[in-house]
Amino acid sequence: MTTLPDRPKTALLVIDMQHGAVNGTHDLAAVIANIGTLVARARAEAVPVIWVQHSDDQMKYGSESWQYVPELVREDPEPVVHKNYGDSFEATDLEDLLAERAVGHVVITGAQTDMCVRSTLHSAFTRGYDVTLVGDAHTTEDLTAYGAPTPVEVVAHTNLYWKEQRAPGRRGDTVETAKVSFAARAVG
């Protein structure tokens, strides 16, 4: 389905599951467990796992808040995309890493739903990727004090609207961890 020629493979993206990004987020233990399940499945099926790691003034490169949660461990051959913006493609080598691996479908997990996850969903989609959001493997913090919906509502709304994303030659979808498919997809 992707509009990217000769890129039938799938990759799993794990976005910003860092101490500073997940501290106090909704349903964190379950999200970590679901991402762990997906990482193990991807490795078993020889599907690329790409780790995205954010740094900024609040999560300085190398600091404790910048570190990934200890339950999720990257293996040496798995690349890390270092970013400074919400969008995992912006000013990073993510596109090159995906192209090298013939990836035209990305499966997205991580934090924060209404920031980096959402930015990356849309960016991948507009770049021609099929994009699957794992509905029970992303989370966000409570920003209701600033007028935002509750974290439960943010996650539910994002899952709802992403399930119906369509554009010529590509699609978005939302599925639960148990229903994620890493199978190669038709191209074109």
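Does Asn 34 count as buried or exposed, and at what relative accessibility? At 17% relative accessibility, Asn 34 counts as buried, the term being applied under 20% relative accessible area, with exposed meaning over 50% and partly exposed the range in between (1.4 Å probe, protein chains only). The model is predicted, so that local features need pLDDT of at least 70 and side-chain atom pairs count only at pLDDT 80 or more, whereas totals for chains, interfaces and linings use all residues. Residues are numbered from 1 along each chain as its sequence is written, and side-chain values use heavy atoms, with hydrogens and water left out.

Asn 34 belongs to helix 2 (residues 28-44); helices (H or I, at least four residues) and strands (E, at least two) are DSSP runs numbered from the N terminus. Apart from residues up to four places away in sequence, Asn 34 touches Asp 136, Ala 137 and Thr 177, contact meaning heavy atoms within 4.5 Å.

Strand 2 is largely enclosed by the rest of the structure, because six of its six residues are buried. Val 49, Trp 51 and Gln 53 point one way from the strand, and Ile 50, Val 52 and His 54 point the other way. In a regular strand, side chains alternate between the two faces of the sheet. Strand 2 pairs with strand 1 in the parallel sense over four bridges, where pairing requires that DSSP finds at least two bridges between the strands. Four bridges also join strand 2 to strand 3 (residues 80-83), again in parallel. Val 52 is the bridge partner of Ile 15, and the bridge partner of Val 52 in strand 3 is Val 81.

The largest nonpolar core has 24 residues, of which Ile 50, Leu 98, Val 106, Ile 108, Tyr 129 and Val 131 touch the most other members. A nonpolar core is a set of buried Ala, Val, Leu, Ile, Met, Phe, Trp, Tyr and Cys residues joined through side-chain atoms within 4.5 Å. Elements giving two or more residues to this core include strand 1 (9-15), strand 2 (49-54) and helix 4. Helix 4 gives the most, with five residues. A second, separate core of 23 residues includes Met 17, Ile 35, Val 180 and Phe 182.

Beyond its neighbours within four places in sequence, Tyr 129 is in contact with residues including Phe 89, Leu 98, Val 106 and Arg 170.
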